[in-house]
Amino acid sequence: MTATPIRALFALAASSLLLAGCASNKIQENMTYDFGPAVVTAAAPLQGAAPASAPPNIAALVVMDFTGPSALENERMFYRLAYADALQARTYAHARWANEPLQMLTQRVKARLAQSGMKVLSATDASTGVPLLRVEVDDFVHAFSGVSQSEGQITLRASLFNDHRLLDQRTFTRTTPAPSADAPGGARALAASTDAVASDILAWLATVDTRKR
């Protein structure tokens with residue numbers, strides 16, 4: 001007769017564990033990430049040090065919305081197991097970006113340029129004689145080179161125009177080790193790579209000759 005209460009206790013404990021598991025999954029499903037506060041990165045830029053202020057040759061710049069693969073036009077967080085199948089792009093089931101990555105990248109680069117003192121304009125603000133920046137994103141992914149080793153990888157192509165004339169074009173790639181082999185680690189690594197690329201773009205703009213020929 002005493003077995004029934006004991007079985008009931010076990011059943012209650014099992015139910016509690018099940019509910020705890022469901023609550024945990026519910027929390028995971030709500031994990032949303034962005035790039036965090038916009039701060040000047042200390043990462044060393046490509047081909048020289050990034051200037052602390054706006055390039056003297058570009059006082060104002062029109063920055064178009066970034067373009068890229070349709071996969072970056074939603075909030076899903078992608079990862080790639082390069083050591084297993086580099087051709088398969090996977091998504092985290094319980095984590096997502098706060099906005100579309102293309103929009104997040106656009107705003108982050110704009111913020112970095114504005115921090116330098118440059119006047120950042122949108123397409124609707126365009127006027128004759130103001131250089132225009134177009135950026136196409138080729139890759140933005142949390143890539144696993146091993147079971148416990150991963151990086152935030154970003155590759156993009158930036159083109160600078162003035163009055164419909166191409167001034168210069170440059171491809172930028174940044175890879176930042178992830179602090180952990182999961183969605184939070186990937187988000188931090190991709191945020192760091194984005195800030196580093198933004199500084200690279202700023203340094204590159206300082207080298208472009210914008211004079212009319």
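Predicted model: local features only at pLDDT ≥ 70, side-chain atom pairs only at ≥ 80, totals over all residues.

Trainee: Okay. How many helices and strands are there in the protein?

Mentor: The protein has three helices and eight strands. Starting at the N terminus, the order of the elements is α-β-β-β-β-α-β-β-β-β-α.

Trainee: And what percentage of the residues count as buried?

Mentor: Of the 213 residues, 39% count as buried. The accessible surface is about 11600 Å², and carbon and sulfur atoms hold 56% of that.

Trainee: What about contacts between residues 24 or more positions apart, what's their share?

Mentor: Such pairs make up 72% of the contacts with a separation of 6 or more.

Trainee: Which strands each supply at least two residues to the lining of the largest cavity?

Mentor: Those are β3 (76–81), β4 (89–97) and β6 (132–144). The lining residues include Met77, Phe78, Tyr92, Trp97 and Phe140.

Trainee: How does that lining split by class?

Mentor: Nine residues are nonpolar, one is polar and one is charged.

Trainee: And the second largest cavity, which element gives the largest share of its lining?

Mentor: Helix α2 (residues 101–115) does, with four residues. Among the residues lining this cavity are Arg108, Ala111, Arg112 and Gln115. By class, the lining of the second largest cavity has three nonpolar, one polar and three charged residues.

Trainee: Let's switch to the backbone. What's the phi of Asp163?

Mentor: Asp163 has a positive phi of about 55°, although it isn't a glycine. Most residues other than glycine have a negative phi.

Trainee: Where is Asp163 found?

Mentor: In the loop between β7 (150–162) and β8 (165–177). His164 is in the loop between β7 and β8 too. His164 also has a positive phi, about 65°, and it isn't a glycine either.

Trainee: Is His164 buried or exposed?

Mentor: His164 has a relative accessibility of 82%, so it counts as exposed; the cut-off for that is over 50%.

Trainee: Then why does Asp163 count as partly exposed?

Mentor: Because its relative accessible area is 37%, which falls between the 20% and 50% limits.

Trainee: Got it, thanks!

Notes
Residues numbered from 1 in each chain as written. Heavy atoms only, no water. Buried < 20%, exposed > 50% of the residue type's maximum accessible area, 1.4 Å probe, protein only. 1 Å grid on protein atoms, 1.4 Å probe; cavity = no way out; pocket = protein on both sides within 12 Å on 5 of 7 lines; lining within 4 Å. Nonpolar A, V, L, I, M, F, W, Y, C, P; charged D, E, K, R; others polar. Contact = heavy atoms within 4.5 Å. Areas by Shrake-Rupley, 256 points an atom, 1.4 Å probe, with all protein chains shown as cover.
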